[in-house]
Amino acid sequence: MGRNVKAQFIPGTNIEMLKEPVFIESGITMPYTYSVGDFGTKFFTELRDNAKIFGVRCPTCNRVLIPPRSTCGWCFSKLDEWVELSGKGTLMSYTIVHYPSAVHPVKPPIVYGIIQLDGADTGLAHLIGEADPESLRIGMRVWAVFKEKREGNILDINYFKPL
Ligand SMILES: [Zn+2]
């Protein structure tokens, strides 16, 4: 603070434009815990204990949804048929992040992708690893690489890498 900010009046308006932006340093820390529910518990337990990825199949429209949820987002049917997926899939979209942030699980450059696992009808957002960003293409085949030490969260899948 204590910065000398100069304002400029724009003729014909009552708006003053600042010549120099003001930055205020601040921070918020908000630890929290929440239940992932029955479906999340099954999903994350399988990731942690068995390095397996499960989705759920809709009995009405036959779609397989991942991450699993209790209600189909298309037809609103109740879901309860678990489907094990192979961990192989197709890169549907991706972006490369070059800036650091506390919300990123790894240091930049980071490749985030949307992966449609074989047998699934929805995409899973995750990291893409062991790949030259220049070599990435939509439609390329990828597969899940699990961490050795898993904790029961989505980062038990370390990343997806090209097949
Ligand atoms: Zn459905």
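1. Helix H1 is followed by Ala 51, a residue whose phi is positive, near 50 degrees; helices here are DSSP runs of H or I with at least four residues, strands are runs of E with at least two, and both are numbered from the N terminus. The model is a predicted one, in which local features need pLDDT of at least 70 and side-chain atom pairs count only at pLDDT 80 or more, while totals for chains, interfaces and linings use all residues. Residue numbers start from 1 along each chain as its sequence is written.

2. The length of H1 agrees with expectation, because its 14 residues at 1.5 Å a residue should span 20 Å and its end C-alpha atoms are 19 Å apart; the expected span is 1.5 Å times one less than the number of residues. H1 lies across E3 and E5, and it runs at about 150 degrees to E3. For that angle, axes are lines fitted to C-alpha atoms, for helices over the stretch in contact, and the value can run from 0 to 180 degrees between N-to-C directions.

3. E3 belongs to an open sheet of three strands, which has the order E4-E3-E5 and antiparallel pairing, where two strands pair if DSSP finds at least two bridges between them. E4 and strand E5 (81–85) stand at the edges with a single partner strand each, so one side of each has no neighbour in the sheet. E3 and E4 run antiparallel and are joined by two bridges, and Val 56 stands opposite Leu 65 in E4.

4. E6 pairs with E7 in the antiparallel sense over eight bridges, with Ser 93 opposite Ile 114 in E7. E6 also pairs with E9, again in the antiparallel sense, over three bridges, and here Gly 89 stands opposite Val 142 in E9.

5. The largest nonpolar core has 25 residues, and those with the most contacts inside it are Leu 65, Ile 66, Ile 115, Leu 117, Ile 128 and Phe 160. Such a core is a set of buried Ala, Val, Leu, Ile, Met, Phe, Trp, Tyr and Cys residues joined through C-beta atoms within 7 Å; a residue is buried if 20 or more other C-beta atoms lie within 10 Å of its own, exposed if 12 or fewer, and partly exposed in between, with C-beta atoms placed from the backbone. The elements that give two or more residues to this core include helix H1 (37–50), strand E3 (53–57), strand E7 (110–117) and strand E10 (157–162), and E7 gives the most, with four residues.

6. Ile 66 deserves a separate look. Apart from its neighbours within four places in sequence, Ile 66 is in contact with Gly 55, Leu 85, Leu 117, Ala 120, Thr 122 and Leu 124, contact being C-beta atoms, placed from the backbone, within 7 Å. Ile 66 is also joined to Pro 67 by a cis peptide bond, with omega about -5 degrees, and Pro 67 is found in the loop between E4 and E5.

7. Another cis peptide bond runs from Pro 108 to Pro 109, with omega near 0 degrees, and Pro 109 lies in the loop between E6 and E7.

Key: Two residues are in contact if their C-beta atoms, placed from the backbone, lie within 7 Å.
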